Amino acid sequence: MRIDVLTLFPEMFHSPLGHSILRRAQQQDIVEIVLSNIREFAADSYRKVDDKPYGGGPGMVLMPQPVFDAFDNVRTRHPDPGRAILLTPQGQPLTQEKVIDLSREKRLILIAGRYEGFDERIRIGLDAEPVSIGDYVLSGGELPAMVLIDAVVRLLDGALGDGDSAADDSFSKGLLEYPHYTRPEEFRGMKVPEILLSGDHGKIAQWRKEQSIERTKKWRPDLWQKRQSQPDPKTENEP
Ligand code: ADE
C-alpha cells in the first residue's frame, strides 16, 4: 500500500512513523508513506496557505490552491489514483469496520488540515471522504491522520509480528476484547483466573467469550445494543 499525507507539519509524523510496527512495515515494503508539505505549494512569496473566511467569523481557513497543487503533484506518482480522505471533526467516524475497508485499498491520500477548517471546495473538488476519529476537536488533522495510518497499517499482511494477530482485536466481532494476564500468577494479592492456568483450551475460549460479552455490556452498552440489533452471521453460532 502507498499512503500519501498532505500536511503543513510533516515533522510531526517522524516519530510515530519511525517506531515499532509502522517503522517495520515501511522497512519491509509493506507500506510506503510519503509526506508532502502543503506550504511548499503556496503560490505567493510569503508562502500563505490560509485566509479569512468569507461571511466573517473567527479563525482562518485553509485555501484551496496549495492543497489542490500538492494533491496534483502526488497523484500521478503512483499508478493507482488512490482514495482521498479529509481528516475533519465533521467526518464520518473512523470505526474498525472503516479501517478494515481502508486497508483493502492500494493507495490512500490523507489531507490533514489546520486552522478553523478547509475551504469546502477542497472536499468537493478532490472528491475527498471526510473522516473523524471521534467527537472531540483537535488542533489539526495530523494526529487523526497518524491514528488512521496506525490502525490501517497493522492490518496489512505481514505487518504484525509472528504470533500477533488482529483476529481477536476489540471491535473485530462487535465486542471488546477479553482481559489478558501474564506472569506472575499472583501480583499484589490479585490472582490470575484459575481457568487460564487449566490448560483446557475449550473452557478458556468459552471464558474469554463470556468476559468479552460482560465488559462490552458494562463499558460499551452502545456496542452491545448494536450487536444485538444486527447479529453478525459469522459469529452467531459461536458459543
Ligand atoms: N481535526 C480536528 N479534530 C479532528 C477529529 N476529531 N477527527 C479528525 N480530524 C480532526
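Q: Which element gives the most to the lining of the second largest pocket?
A: Strand S5 (83–93) gives the most to that lining, with 5 residues. In this predicted model, local features need pLDDT of at least 70 and side-chain atom pairs count only at pLDDT 80 or more, while totals for chains, interfaces and linings use all residues. Residues are numbered from 1 along each chain as its sequence is written, and side-chain values use heavy atoms, with hydrogens and water left out.

Q: What makes a residue part of the lining of the second largest pocket, and how many residues line it?
A: A pocket is an open set of points on a 1 Å grid over the protein atoms alone, where a 1.4 Å probe fits and protein lies on both sides within 12 Å along at least five of seven lines, and a lining residue has an atom within 4 Å of a point. The second largest pocket is lined by 26 residues, with Leu87, Thr88, Pro89, Gln90 and Phe118 nearest its centre, and its volume, the space filled by probe spheres set on the points, is about 460 Å³. The lining divides into 12 nonpolar, 9 polar and 5 charged residues, where Asp, Glu, Lys and Arg count as charged and Gly is among the polar ones.

Q: Where does the ligand sit, and which elements give two or more residues to the shell around it?
A: The ligand sits in the second largest pocket, which means that more than half of its atoms lie within 2 Å of the grid points of that pocket. Strand S5 and strand S8 (129–132) give two or more residues to the shell around the ligand, and S5 gives the most, with 3 residues. By class, that shell has 8 nonpolar, 4 polar and no charged residues.

Q: What does the side chain of Arg114 reach?
A: Arg114 has its place in the loop between strand S6 (107–112) and S7, and its side chain reaches the backbone oxygen of Ser139 at 3.4 Å. A further polar contact, of 2.8 Å, joins the side chains of Arg114 and Glu142.

Notes. Helix = DSSP H or I, 4+ residues; strand = E, 2+ residues; numbered from the N terminus. Polar contact = N/O pair within 3.5 Å; in protein donor to acceptor, adjacent residues only side chain to side chain.
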